[in-house]
Amino acid sequence: MVNKVTKIGVLTSGGDAPGMNAAIRAVVRTGIYHGLEVYGILRGYQGMIDDDIIKMETRSVANIIQRGGTILKTARCKDFFEYEGRQRAYDNLRARDINGLIVIGGDGSFRGAVKFSQEFDIPCIGLAGTIDKDIYGTDFTIGFDTAVNTAVEAIDKVRDTMDAHDRIFIIEVMGRDAGYIALHSGIATGAENILIPERKTDINDMIASLQEKERRKKLVNLIVVAEGDEFGGANEVHKILKEKMPHAEIRVCILGHIQRGGSPSCLDRLIASRMGFHAVESLIEGRHNVFVGIMNNKMHYIPLENAVKNKVKISEEWLRIVKILAS
Ligand code: ADP
C-alpha cells in the first residue's frame, strides 16, 4: 500500500532535451496547486545520491518555459547503477520525507527508476524526455519535435549549397539506436537516401543509382544518416562512396549538438506541460512506477518496466513512404 503523497522530488536525467524546463515548470506548479511540497533534485540521480536537493516555489520556475536545457541540470550517474548508490539516494529522500519521485529522462533514466522502485517504497512516475523518440508506448517524447525541426532547418540550408554546386551531401543527424530524427528530417527535406539503424540499406543499389546520376551529370544527392546506422555514421558512408566514386564531390556534414539545444517548439512546450501536469495528478491518484505517455491524443500510463523492455519500431507505413518518395 502506497502512502498519500505529500512531498515530491523532480529530476532531469540522461541526455537533455528541449522542453524539459516546461515539464519541470508543470510539475512544480501542479504540485503546489495541490498543496504538495516540491523539491528539485539537481543533476539527476547524482543529486539524489549527493543530497543536492532544493525546495521549489512557483517563482523558481518563472520564465523558463521557453528555455532549452534544464534548470535542474542533468547528468549520467555511475553510482546509481550500484545498489549502494540507490540506497544512499533513498536515504536522502526519506530524510526529507519525500514520498513521490518524478523522473524526466530517456530509457536509461527509466531503467534506473525501475530498479529504484523495485527496491524502495517511493513511487516513481516517468516523463519521456528524449530527442530520440525511442520510448515505447507514446506518440510523443519531450524534445523530439524541436530537435527534428532544428535538423530540418539546417539540412535545408545545406541543400541550397548542394544544389548550387552539384554535390553529394551526407548529413549525419543524432540517433545512436533510433532513426526517428533521420527518418523525419530526411522525409521533410526530400532526402534521396535515409540510412537508419532499424533498416538494412542496400549500399550497392545506392551506389549504382549515384553512379547513374554521375553518368548523366546530375549528381545532386542528399543522404541523411543516423549516427548509429549500420555503417557507423556519415564519415564511414563517405569512405565507402569515395572508394567507388573517386571523382565525385562528396561532402560530409555532422549536425551534432545543435540538435539538442535551443528554445523548445510550441508542440514540445505543450506536451511537456500536459505530461508534467498529469504526472503529478497521477501520483496523487495513487499511480506508481508508470510513465506518462500520449497515444491518439489520450493520456496513457504505461508500467516503466514495459517501457524499457519493449523497443520502438518504425512502422512499415513510414518505410514504404520513404522508399517511394525518395526514389
Ligand atoms: P537517457 O535517460 O537519456 O537514456 P542514460 O542512458 O545515460 O540516459 O541514463 C541516465 C542515467 O540513468 C544513468 O547515468 C544512470 O544513472 C541511470 N541508469 C541507466 N540505466 C540504469 C540501470 N540499468 N540501473 C540503474 N541506473 C541506471
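Visitor: Which polar side-chain atom lies 2.5 Å from an oxygen atom of the ligand?

Guide: A polar contact is a pair of N or O atoms within 3.5 Å; within protein, one must be able to donate a hydrogen and the other to accept it, and residues adjacent in sequence count only if both atoms are side-chain atoms. Here the atom belongs to Arg76, at 2.5 Å from a ligand oxygen. This is a predicted model, in which local features need pLDDT of at least 70 and side-chain atom pairs count only at pLDDT 80 or more, while totals for chains, interfaces and linings use all residues. Residues are numbered from 1 along each chain as its sequence is written, and side-chain values use heavy atoms, with hydrogens and water left out.

Visitor: How many residues surround the ligand?

Guide: A residue counts as near if one of its heavy atoms lies within 4 Å. The ligand has 15 such residues around it, the closest being Arg76, Cys77, Gly106, Gly108 and Ser109. Helix 4, residues 107-119, gives the most to this shell, with 6 residues (helices are DSSP runs of H or I, at least four residues, numbered from the N terminus).

Visitor: What space does the ligand take?

Guide: A pocket is an open set of points on a 1 Å grid over the protein atoms alone, where a 1.4 Å probe fits, with protein on both sides within 12 Å along at least five of seven lines; lining residues have an atom within 4 Å of a point. The ligand takes the space of the largest pocket (more than half of its atoms lie within 2 Å of the grid points). That pocket is lined by 42 residues, and helix 4 supplies the largest share, 7 residues.

Conventions
Helices (H or I, at least four residues) and strands (E, at least two) are DSSP runs, numbered from the N terminus.
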